[in-house]
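Let's take a friendly walk through one part of this fold. Have the sequence and the 3D view open side by side as you read.

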Amino acid sequence: MRRSPAQDYRWIESGAGHPVVLLNGIFGILEDWDAMLRSVDPQWRFLVPEIPLFAATVREASIAEIGRHVWRFVDAMQLGSVVLGGSSIGGQVAIELALQDPDRVQGLILTGASGIGEHRIGTISHRPSTAYVRTQVANVLDRPELVSEERIESIRRTLGTPAAILKALRFSRECRTGAIASRLGDIRVPTLLVWGANDRITPRDLAERFQGALADAELVIIPDAGHAPMLEQPAAFAAATSSWLRRIGYGARIADARSA
């Protein structure tokens with residue numbers, strides 16, 4: 001875990017070279033990406049910043065506010081233009097930023113991305129119990145045993161206040177609006193879609209809709225994974241990501257120099 005010397009940002013990272021910034025979903029944590037970062041090709045610099053969806057400092061529960069936080073992190077780290085991606089709502093944030101600031105985004109990596117109107121997250125309880133959270137985790141993951149009881153209790157505590165419930169409801173509404181569907185064709189950068197074969201939140205047909213709407217999109221289906229393939233099948237996720245980055249030539253000059 002690292003902190004920026006200039007700003008109060010927390011993140012994890014691996015590798016060096018051209019930057020790839022990846023964003024969590026609503027209840028994702030940095031550690032969800034640990035195993036994937038250990039498996040990915042170190043030719044690129046992968047960074048996963050903490051996205052404070054439920055922090056008191058985030059006054060506005062919106063995709064736009066989270067997007068502003070992401071660009072502040074990118075600027076604080078002096079990354080310049082990046083390949084940007086994310087899981088679930090993090091993928092939706094990445095799409096919005098690619099639409100708003102196309103010169104800053106060199107490519108997209110999306111997994112279980114929301115935003116085209118069918119994000120099946122179920123109901124949000126106003127008094128979430130441990131059993132409720134455990135049921136939701138089992139719906140999200142093919143391997144719910146990867147989530148510890150401590151993590152389940154942490155999620156329950158996070159949702160334990162009216163303010164947090166209100167934020168969760170607002171983020172859920174933004175996931176379902178479908179507001180980006182008609183604009184996906186405006187994205188011209190290459191996009192990698194990495195989808196869990198058994199994703200029940202954003203099923204495979206949504207991935208195919210993304211692929212059909214984007215100008216340059218490749219779809220990789222990860223077997224034996226649900227809505228979080230980077231957590232459930234990190235080696236397969238890392239292999240798909242590294243292969244795609246090579247194919248699009250991202251950071252090719254650095255790679256050529258090292259192999260010379």
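## Before we start

Two strands count as paired if DSSP finds at least two bridges between them. Please keep in mind that this is a predicted model.

## Strand E6 and its neighbours

With that in hand, look at strand E6, residues 105-111. Strand E5 (residues 82-87) runs parallel to E6, and 6 bridges join the two.

Is E6 mostly covered or mostly open? E6 is mostly covered, with 6 of its 7 residues buried.

Next, follow the chain between the paired strands. E5, H3 and E6 together make a β-α-β unit, and that unit is right-handed.

## Where H2 meets H3

Helix H3 spans residues 89-100 and packs against helix H2, residues 63-76. Their axes lie 9 Å apart, at an angle of about 75°. Angles of 65 to 115 degrees count as roughly perpendicular, so H2 and H3 are roughly perpendicular to each other.

Which residues make this contact? H2 brings Ile-63, Ile-66, Gly-67, Val-70 and Trp-71, while H3 brings Ile-89, Gln-92, Val-93, Glu-96 and Leu-97. Sorted by type, the residues of this contact of H2 with H3 are 7 nonpolar, 2 polar and 1 charged.

How values were computed: Residues numbered from 1 in each chain as written. Predicted model: local features only at pLDDT ≥ 70, side-chain atom pairs only at ≥ 80, totals over all residues. Heavy atoms only, no water. Axes fitted to C-alpha atoms, helices over the stretch in contact; angles between N-to-C directions. Helix = DSSP H or I, 4+ residues; strand = E, 2+ residues; numbered from the N terminus. Parallel < 35°, antiparallel > 145°, perpendicular 65-115°, else oblique. Contact = heavy atoms within 4.5 Å. Nonpolar A, V, L, I, M, F, W, Y, C, P; charged D, E, K, R; others polar. Buried < 20%, exposed > 50% of the residue type's maximum accessible area, 1.4 Å probe, protein only. Right-handed = clockwise from strand over helix to strand, strands pointing away.
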